[in-house]
Amino acid sequence: MDFALSEEQTAIFDMARGFGADNIAPHALAWEQDGTIPKELWPKIAELGLAGIYVSEESGGSGLTRLDATLVFEALSMACPSVAAFLSIHNMCAKMLDAFGTDEQKNRFLAPALTMEKVFSYCLTEPGSGSDAAALKTRAERTNEGFALTGTKAFISGGGYSDAYIVMARTGEDGPRGISALIVEDGAEGLSFGGLESKMGWRAQPTRQVQFDGCAVPAANLLGEEGKGFRYAMMGLDGGRLNIAACSLGAAQAALDATLTYMGERKAFGKSIDQFQALQFRLADAEIELQAARTFLRQAAWKLDQGAPDATKFCAMAKKFVTEAGSRVADQCLQLHGGYGYLADYGIEKIVRDLRVHQILEGTNEIMRLITARHLLEARG
């Protein structure tokens, strides 16, 4: 059993980490205060092949594995988990376009998504359907030109910011089989947005409701087959859960690295505080948690790449374990900084705030427990 990264994987991690350190970390606090990410950043990321991480090479993507992707998001999150998580959403949309789009859709949407000339957002969640996503009520009625889309999506990262949206809407019966995926371009007639949400974390990501009032969607913007949108949406969730876990891991690692530096410099009772055994134990516990989380995450990613029958269970378990471990470690790092940890200038309190939502999105951690338990019961027979 080989736990070592290949030379190529190490290079991928180092590239993403270096880019984040140079182009994201110095601006992360300012972007949070501005409540937006400058769009000039995205083409620079695209130049590295990170706009289509697991889009096939035949379609112009990087064709990397899900394990490779976790390395990218872990590394970028060491600079800012909010920015890294937004890139994960765009990549999920790009993969859907690659997997289910027509040649015409790939030319019109995927090609500019890979250069990030067009930034994509994903619209599934509604005000009344979070964990029960199949209960969504946004409806797309057939017209002579295509569809008229009516409804509201909630908590949409990039709402009013992105250039296009992949929207899950009901085109048929109740339940998952009546849901289709539609591509809605910014500026479409009947498309509007709610006010900017004021959030605990992820404040650099503009988040709004996305509203459709008879929004006109051409027939050519139906992604894949009608009635299969929910299946398409669910197919991306295992990888999305790994990505968000990787974002927790990278940010928590950055918090621990900063804490080690701080504790070597901070003096109390005549010596640096990293010399107190009680505080050393806290550092050791944080390191143990992060190493366990990293191993678990990479195992789950490997299973997903291998198509293992228990991959979904492992992705759910890893998402639950890693996001909670990341939050615990970040919180302990804030404590070890004392009062300085509570100040924005040190960056630790931002990590604590940013990571809290990771236990909620991509399926709440309660749902991750349900998935795990159901697999256990099915295996028992």
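Predicted model: local features only at pLDDT ≥ 70, side-chain atom pairs only at ≥ 80, totals over all residues.
Local features need pLDDT of at least 70 and side-chain atom pairs pLDDT 80 or more, while totals for chains, interfaces and linings use all residues. Residues are numbered from 1 along each chain as its sequence is written, and side-chain values use heavy atoms, with hydrogens and water left out.

Q: Are H8 and H9 roughly parallel or roughly antiparallel to each other?
A: Helices and strands here are DSSP runs, of at least four residues (H or I) and at least two (E), numbered from the N terminus. The axes of H8 (residues 237–265) and H9 (residues 277–306) come within 10 Å and cross at roughly 155°, where axes are lines fitted to C-alpha atoms, for helices over the stretch in contact, and angles run from 0 to 180 degrees between N-to-C directions. Angles under 35 degrees count as roughly parallel, over 145 as roughly antiparallel, 65 to 115 as roughly perpendicular and the rest as oblique. The pair H8 and H9 is therefore roughly antiparallel.

Q: How many nonpolar, polar and charged residues does the contact of H8 with H9 have?
A: Contact means heavy atoms within 4.5 Å. Residues of H8 including Leu242, Leu249 and Leu256 meet residues of H9, among them Leu283, Leu290 and Leu297. Ala, Val, Leu, Ile, Met, Phe, Trp, Tyr, Cys and Pro count as nonpolar, Asp, Glu, Lys and Arg as charged, and the others, Gly among them, as polar. By these classes the contact of H8 with H9 has 17 nonpolar, three polar and three charged residues.

Q: Is the crossing of H10 and H11 left-handed or right-handed?
A: H10 (residues 311–336) and H11 (residues 348–356) pack at about 160°, with axes 9 Å apart; the two are therefore roughly antiparallel. A crossing is left-handed if the near helix is turned anticlockwise from the far one by less than a right angle, and right-handed if clockwise. For H10 and H11 the crossing is left-handed.

Q: Which way does H1 pass H4, in a left-handed or a right-handed crossing?
A: H1 (residues 7–23) and H4 (residues 66–77) pack at about 25°, with their axes 8 Å apart. That angle makes H1 roughly parallel to H4. The crossing of H1 past H4 is right-handed.

Q: Which residues touch the most other members of the largest nonpolar core?
A: A nonpolar core is a set of buried Ala, Val, Leu, Ile, Met, Phe, Trp, Tyr and Cys residues joined through side-chain atoms within 4.5 Å. Buried means under 20% relative accessible area, exposed over 50%, and partly exposed in between (1.4 Å probe, protein chains only). Of the 73 residues in the largest core, those touching the most other members are Ile24, Ile37, Leu41, Trp42 and Leu76.

Q: Is lysine 303 buried or exposed?
A: Lysine 303 is found in H9. Leaving aside neighbours within four places in sequence, lysine 303 is in contact with Ala308, Asp310, Ala311 and Phe314. With 13% relative accessibility, lysine 303 counts as buried.

Q: What is the relative accessible area of phenylalanine 155?
A: Phenylalanine 155 is in strand E3 (residues 146–157). Its phi is near 60°, a positive value in a residue other than glycine. Phenylalanine 155 is exposed, at 62%.

Q: Is tryptophan 202 buried or exposed?
A: Tryptophan 202 lies in the loop between strand E6 (191–193) and strand E7 (207–218). Phi of tryptophan 202 is near 50°, a positive value. At a relative accessible area of 7%, tryptophan 202 is buried.
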